[in-house]
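Dear colleague,

I am passing on the structure we spoke about, with the notes that go with it. Please look through the sequence and the coordinates before you read on.

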Amino acid sequence: MAKDVKPTRKNLMQIEDRIELSARGHDTLEKKRDGLIMEFMDILDQAQDVRADLEASYQDAQRSINMARAMEGDVAVRGAAAALKEHPELTTQSKNIMGVVVPEIESSKVQKNLDERGYGVLGTSARIDEAASAYEQLLDQIILAAEVETAMKKMLDEIETTKRRVNALEFKLLPELRDNQEYIEQKLEEQEREEIFRLKKIKAKKEEEEKEEEAAEREAEREAVTADD
């Protein structure tokens with residue numbers, strides 16, 4: 001690539017400017033990458049806690065629904081589930097973490113009071129209420145897990161993108177620019193040496209011509225003196 005660059009001082013200045021700009025960009029991206037990794041590790045810790053809570057909520061919900069089915073029967077459980085009138089509502093917003101837009105999921109009408117579930121309190125048992133409450137808790141955990149997992153994926157994608165940019169600058173663009181810089185500097189030095197050598201030859205030739213002229217003038221003066229005698 002360096003041989004395709006014309007060795008001029010203008011090109012050298014432009015390449016030096018690009019090296020400076022690319023080096024600053026590289027440093028900025030490295031700081032961003034490191035910051036993203038720190039934020040990702042925090043989210044990863046949160047995700048591990050959320051997964052553990054989600055697993056515990058799932059096991060609790062399964063135990064509750066199995067107990068309700070065993071004691072009240074599938075018909076009663078399905079009837080209570082079918083009585084639900086107000087379904088959960090989700091709204092999504094976003095927040096910015098070091099330039100990465102991640103979702104914030106807000107839920108409403110997930111966990112309900114007894115009188116909000118639609119089935120008659122007298123027509124069901126405490127076991128059905130416990131199962132309903134356990135599944136409401138599980139749904140809340142699922143929503144939170146979806147928020148955290150999505151944020152983690154977006155952060156990981158941004159980290160990978162930033163790493164590729166850092167590597168492209170560090171291992172491709174900057175080395176190529178520095179090779180070009182070195183190539184132009186070498187060529188300019190060669191041209192400068194050639195110019196100095198050329199000027200020395202011109203100076204030496206001029207001095208030789210001046211000496212010849214002086215010698216010719218002295219010879220002419222001697223001849224004139226001889227002619228007078």
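This is a predicted model: local features need pLDDT of at least 70, side-chain atom pairs count only at pLDDT 80 or more; totals for chains, interfaces and linings use all residues.

Residues are numbered from 1 along each chain as its sequence is written, and side-chain values use heavy atoms, with hydrogens and water left out.

I start with the salt bridges (a side-chain nitrogen of Lys or Arg within 4 Å of a carboxyl oxygen of Asp or Glu), of which a search of the whole structure finds 13. One of them joins D74 to R69, with 3.6 Å between the closest N and O atoms; D74 is partly exposed at 40% relative accessibility, and R69 is partly exposed at 42% (buried means under 20% relative accessible area, exposed over 50%, and partly exposed in between, with a 1.4 Å probe and protein chains only). Another is formed by R127 and E72, whose closest N and O atoms are 3.8 Å apart. This pair links distant parts of the chain, since R127 belongs to helix α3 and E72 to helix α1, 55 residues apart (helices are DSSP runs of H or I with at least four residues, strands are runs of E with at least two, and both are numbered from the N terminus). R127 has a relative accessible area of 33% and is therefore partly exposed, and E72, at 32%, also counts as partly exposed.

Within helix α3, K187 forms a salt bridge with E190, again with the closest N and O atoms 3.8 Å apart; because the two are 3 residues apart in this helix, about one helical turn separates K187 and E190. K187 is partly exposed at 29% relative accessibility, as is E190 with a relative accessible area of 32%. Elsewhere, salt bridges that share partners join E30, R33 and D34 into one network.

What is the nearest side chain of opposite charge to E147, which is buried yet has no salt bridge? It is K95, 5.0 Å away, where Lys and Arg count as positive and Asp and Glu as negative, His and the chain ends not being counted. E147 is found in helix α3, and, leaving aside residues up to four places away in sequence, E147 touches P103, E104 and I105 (contact means heavy atoms within 4.5 Å).

Helix α3, which covers residues 126-228, also holds E209, and E209 is partly exposed with a relative accessible area of 39%. E209 is one of the residues that gather in a surface patch of negative charge, the others being E207, E208, E210, E212, E213, E214, E217 and E221 (patches are made of residues with over 30% relative accessible area and no salt bridge, like charges being joined within 9 Å and nonpolar side chains within 5 Å).

Two single residues remain. M98, in the loop between β1 (89-97) and β2 (100-108), has a phi near 55°, a positive value in a residue other than glycine, and M98 is partly exposed at 36% relative accessibility. Most residues other than glycine have a negative phi. Y58, found in helix α1 (residues 9-72), is partly exposed at 40% relative accessibility; between Y58 and Q186 there are 128 residues of sequence separation and a C-alpha to C-alpha distance of 70 Å.

Methods
Accessible areas come from the Shrake-Rupley method with a 1.4 Å probe; for residues, only the protein chains shown count as cover. The place of a charge is taken as NZ of Lys, CZ of Arg, CG of Asp or CD of Glu.
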